[in-house]
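I opened this notebook to record what I looked up in the model, working from the whole chains towards single residues. The entries follow the order in which I went through them.

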Amino acid sequence: MIDGGYQGKILRVNLTDQSVREEPLREDWAREFIGGRGYGTRMLVEEVDPNVDPLAPENKVIIATGPLDGTTAPSSGRVMVITKGALNGAIASSNAGGYFGPMLKRAGYDMVVIEGVSPTPVYLWINKGRVEFRDASHLWGKLVPESDQLMREETHLQAETMIIGPAGERLSRISGVMFSGHRASGRTGVGAVVGSKNLKGIAVRGTLGVAVADHDAFLEAVRSTRSILAANPVASGGLPTYGSAVLVNIINSTGSLPARNAQEAFFPEAAKISGESLRDHNLVRNEGCADCPLACGRVTEIREGKYKGEHGGGPEYESVWSFGAMCGVSDLDAVVMANFLCDRYGLDTISAGSTVACAMELYEKGYMPKDDAPFALRFGDAEAMVDCVRAMAEQKDDFGKLLAQGSYRVAEYYGHPELSMSAKKQEFPAYDPRGIKGIGLEYATSNRGACHVRGYSIAAEVLAPGLDRLVYEGKAQVTKFLQDLTAALDSAGICLFTTFGLQAADLAQLVAAATGFRIDEKEFLTIGERIWNMEKLFNLKAGFTAKDDTLPPRILHDPIPAGPSKGEVEELDKMLGEYYTLRGWGKDSVPTRARLTDLGIAELA
Amino acid sequence: MRVLVLEPAKCTGCRACMDACSFEKTGVFNPLDARINVTTFHEDLTFVPSVCTQCEIPYCAQVCPTGALVKNAETGRVDFLGEKCIGCKQCVVACPWGSIRLNHVGKEIIKCDHCDGDPACVKVCSPKALTYVEVEDMVASKQAGVAGAYRKIAEEMSRGVNP
């Protein structure tokens, strides 16, 4: 018996025969994996063959909320898209904010499982427990904001939407899924998987409430967690004031801001693309996702120059970096425009910017023949950067089609895969591991490919005093701890950014009060470790090995040429062995039977 | 007398006020049962909160045939006396703000009562788009804000800059 936090129902939709089925939420899985990323992944590993082609009808997409979605728990409106990812074939889950998660719960469902392929483009209209398959042929090819508007006009103006843009329709392997108009589940190519199913999106509306198990305990947990965040300088100072791009100057000052496809790690013009500059030049107002006291979201506009009059949401830190420093571009308006294009077409901004940077290096070094590019690709050329993003978004020519597959496939095509700044084919984000050692371990071991939001060691290595960013000792431990913590909070429906102030015990307190489960700090972390190992087992079956737990040769061998981290390389091996040991894995990156038994998932091996 | 002050320019559209309100009033999170509302304008991402303004001339009370809505001289609030309500919904029609509403099943009249002096919405509004203040302090703070702007203009004029 579950007393609160969940609606207790999962909606299963088969696009091939347009059938719909409701299933009860399994209490044992809710207790073992919470919800969201954990529960959704548990379903996926049960139902999807790890060796299936991600774009085949047999792959499934699970859209999952957690028990905190729809409550006043701080920053608790997160939604997770779980599938076998199109970018690299690894277990994929990609998280977004907005308001879709809470609304899905008000429609009566904790999760939606999408199966099969529709013969023609459709979207789903989930309204108060009823599901309609709606023709989407008039929306196919339309940009995300326009599709969002039309879908809400055709269903209900207060509906919330999940939508793929033209990038997902055209199966770009770096395409994402957009929620509430401009919040992105960007990473791992989840947009292409949805596109392969001919599903334009979902509109959802509901009128049900979300109950919690212990009213008084929940109110107290909300009060205490919100007051901790209110007193935290990052959560209620830096982030609301400057957005996540407040990090540009901070990370650059450590000499760890990858620039020009990570040929450098210090960007002299960083101030021009910083959160401070964004506030001065483009910010209209802050936007908060559901129940978020941080409101790091930016509503922005471009006030002068070539892109004058354009407006939208973002950019956040990683996007500012990928289109800015990574491409050597210091024109903030161009960076903001590239971000708008990605949101409208449904592209992942990290992968898109890093792919442009990779193409620029291939071009400048002569590996990409000049005839292959429709215009000159030079680092620092803001217009070329935006045009590249437009080309990969529209896929009108071979150049755009190639770039839309991400940097690894571009670099491999031209015979230099080492120039893709990625791990497991996924582009790494805005922190150079040579100058912040622990984050490299996270990039190398993250189950979905290079990623910062699965074990955000930057919080410990840079933002809080404690760990020296340039030492290796202690990094394996902090990475494992943060990976486990994040897996659990991703399953609760709460935002990673709450951990700037909240500890595992605070998050466990919220989940326990909402669900009535006996979850303390230790159990919360055990659940996270269980999820991490479950994801790992899927990847092993999909063919990933210890050899894939690595970083681009540039990061491992080429010293940073200048700046505060001059001379540094990333010696990954100094952390990797210790990491495997802490995880209870062999040197071959395979979990031991003993550890899996401890975690209660030996049957998944 | 304290009033709920709404400042749309500070609202981030997170809607925590609606969730907190419904939880306070019904024990369940459901924005359709919230006495406060936030309207999102998707085209330019603006967010506008609205709630009962506790009018001095409450149309809702004027049209109520059973005296279920009464202006309270002591608190300044318009009280809703549920036991007198016959569900005719004339108050919903009369309210110029749409701030008297029907609950999520469409039966029961709901309106803001300031949580009897301790509004739940204010506690979760971190950008302070909602505040609960003495009415004279509200006016004073607005005056101070306007005066600040005038002072800047005066300074610039004294330096010969024409604003």
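**Domains of chain A.** I began with what a domain is here: its bounds come from an automatic or database domain assignment. On that basis I noted that chain A is divided into domain 1 (9–205), domain 2 (243–427) and domain 3 (437–604). Taken over C-alpha atoms, the centres of domain 1 of chain A and domain 2 of chain A are 26 Å apart.

**Conventions.** I kept in mind that this is a predicted model, in which local features need pLDDT of at least 70 and side-chain atom pairs count only at pLDDT 80 or more, whereas totals for chains, interfaces and linings use all residues. Residues are numbered from 1 along each chain as its sequence is written, and chains are lettered from A and ligands numbered from 1 in the order in which they are written.

Helices (H or I, at least four residues) and strands (E, at least two) are DSSP runs, numbered from the N terminus.

**Chain A as a whole.** I counted 24 helices and 17 strands in chain A. Its C-alpha trace spans about 60 × 55 × 45 Å along the principal axes. A compact globule of 605 residues would have a radius of gyration near 25 Å, and the 22 Å of chain A agrees with this; the radius is taken over C-alpha atoms, and the globule rule is 2.2 Å times the number of residues to the power 0.38. Of the 605 residues of chain A, 64% count as buried, meaning that 20 or more other C-beta atoms, placed from the backbone, lie within 10 Å of the residue's own. Among contacts in chain A between residues at least 6 apart in sequence, 71% join residues at least 24 apart.

In chain B I found 5 helices and 8 strands, which follow the pattern β-α-β-β-α-β-β-α-β-β-α-β-α along the sequence. The C-alpha trace of chain B spans about 65 × 35 × 30 Å along its principal axes, and of its 163 residues 36% count as buried. I then asked how many residues of chain A are in contact with chain B. The count is 26 residues of chain A against 22 residues of chain B. On the chain A side, helix H7 (215–230) and strand E13 (283–287) are the elements that give two or more residues, with the largest share, 3 residues, coming from H7(A). The residues of this side divide into 10 nonpolar, 12 polar and 4 charged.

I traced an open sheet of 6 strands with the order E2-E1-E6-E3-E4-E5 (chain A) and mixed pairing; two strands pair if DSSP finds at least two bridges between them. Its edge strands, each pairing on one side only, are strand E2 (19–24) and strand E5 (91–96) of chain A. Strand E1 (residues 9–14) of chain A runs antiparallel to E2(A), joined by 6 bridges, and Val13(A) stands opposite Val20(A) in E2(A). Elsewhere I looked at strand E7 (residues 122–127) and strand E8 (residues 130–135) of chain A, which run antiparallel and are joined by 6 bridges. E7(A) and E8(A) form a hairpin with 2 residues between them, and Lys128(A) in the turn has a positive phi of about 50 degrees. Asn127(A) stands opposite Arg130(A) in E8(A).

**Lys60(A).** Is Lys60(A) buried or exposed? Lys60(A) is buried, because 22 other C-beta atoms lie within 10 Å. I placed Lys60(A) in the loop between helix H2 (36–47) and strand E3 (61–64) of chain A. Not counting residues up to four places away in sequence, Lys60(A) touches several residues, including Leu44(A), Thr83(A) and Val113(A).

Notes. Buried ≥ 20, exposed ≤ 12 C-beta atoms within 10 Å, placed from the backbone. Contact = placed C-beta atoms within 7 Å. Nonpolar A, V, L, I, M, F, W, Y, C, P; charged D, E, K, R; others polar.
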